[in-house]
Amino acid sequence: MRHRVTAAEAPRHIIANGKGRATLFLNESTGATAASLTLLELQPGGEVPEHTHESSAEILYIEDGAADMTVSGQTLRVSKGDAVYIPAGAKHSARVVSPGAPFRAVQVYAGPGPEQRFTQGPRENAPHGR
């Protein structure tokens, strides 16, 4: 189990059709079996299509920017300093609305696993030590 993962070590993948990146800090591969932590960054116009996580709750803390999120049919404008809770099984999506500024959010899954979908995108940084 790893208790610390640096930004240089964390795999960073391109997501959202090239309009974003996901940096995977903590998850099952680092020994975090109860939760995962990812830094999401999306450029203006970036979108996350509607999806669900059947067995994982999702928590977001918005560090910068703004987005329109839809959670269980309710549209919310979220921005810097907001926290969002998405229960397991809830349909949700997001679209960045902050002009000229990226959207940055810390994402936690209680019940890790959904963050692995980000690894389908190309890796932006080399594995640590290479």
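A salt bridge is a side-chain nitrogen of Lys or Arg within 4 Å of a carboxyl oxygen of Asp or Glu. Keep that rule at hand for the exercises below.

The structure is a predicted model, in which local features need pLDDT of at least 70 and side-chain atom pairs count only at pLDDT 80 or more, while totals for chains, interfaces and linings use all residues. Residues are numbered from 1 along each chain as its sequence is written, and side-chain values use heavy atoms, with hydrogens and water left out.

**Exercise 1. Follow Asp 68 through its salt bridges.**

Task: Find which side chains meet Asp 68 in a salt bridge, and decide whether Asp 68 is buried or exposed.

Solution. 

Step 1. Start with Arg 77: its side chain meets that of Asp 68 in a salt bridge, at 2.5 Å from N to O.

Step 2. Now look at Arg 95, whose side chain also forms a salt bridge with Asp 68, at 3.4 Å from N to O. Asp 68 lies in strand β6 and Arg 95 in strand β9, so this pair ties together parts that are 27 residues apart in sequence. Strands here are DSSP runs (E, at least two residues), helices are DSSP runs too (H or I, at least four residues), and both are numbered from the N terminus.

Step 3. Check the accessibility. Buried means under 20% relative accessible area, exposed over 50%, and partly exposed in between (1.4 Å probe, protein chains only). Asp 68, at 17%, counts as buried. Arg 77 is exposed at 56%, and Arg 95 is partly exposed at 38%.

Step 4. Glu 41, Glu 63 and Arg 104 are linked in a network of them. Glu 9 and Arg 2 also meet, at 2.9 Å from N to O; Glu 9 is partly exposed with 23% relative accessible area, and Arg 2 is partly exposed with 37%.

**Exercise 2. Sort the strands into sheets.**

Task: Work out how many strands the chain has and in which order they form open sheets.

Solution. 

Step 1. Count the elements: the chain has 0 helices and 10 strands.

Step 2. Learn the pairing rule: two strands pair if DSSP finds at least two bridges between them. As background, strands of a sheet pair through backbone hydrogen bonds, either parallel or antiparallel.

Step 3. Trace the sheet of 6 strands. This open sheet has the order β1-β2-β3-β10-β5-β8, with antiparallel pairing. Its edge strands, β1 (12–15) and β8, each pair on one side only. Inside this sheet, β5 and β10 pair over 7 bridges, and Tyr 61 stands opposite Val 106 in β10.

Step 4. Trace the sheet of 4 strands. Its order is β4-β9-β6-β7, and the pairing is antiparallel. The edge strands are β4 (47–51) and β7 (74–79), each pairing on one side only. β4 and β9 pair over 3 bridges, with Val 48 having Ala 94 in β9 as its bridge partner.

**Exercise 3. Explore the nonpolar core.**

Task: Find how many residues the largest nonpolar core has, and which element gives the most to this core.

Solution. 

Step 1. Define the core: a set of buried Ala, Val, Leu, Ile, Met, Phe, Trp, Tyr and Cys residues joined through side-chain atoms within 4.5 Å.

Step 2. Read off the number. The largest core has 18 residues, and Leu 60, Ile 62 and Met 69 are among those with the most contacts inside it. Elements giving two or more residues include β2 (20–26), β3 (35–42) and β5 (57–64). The element that gives the most is β6, with 3 residues.

Step 3. Zoom in on Leu 60. Contact means heavy atoms within 4.5 Å. Not counting residues up to four places away in sequence, Leu 60 touches several residues, including Leu 40, Met 69, Val 84 and Ile 86.

Step 4. Step back to the whole chain: buried residues make up 40% of its 130 residues.
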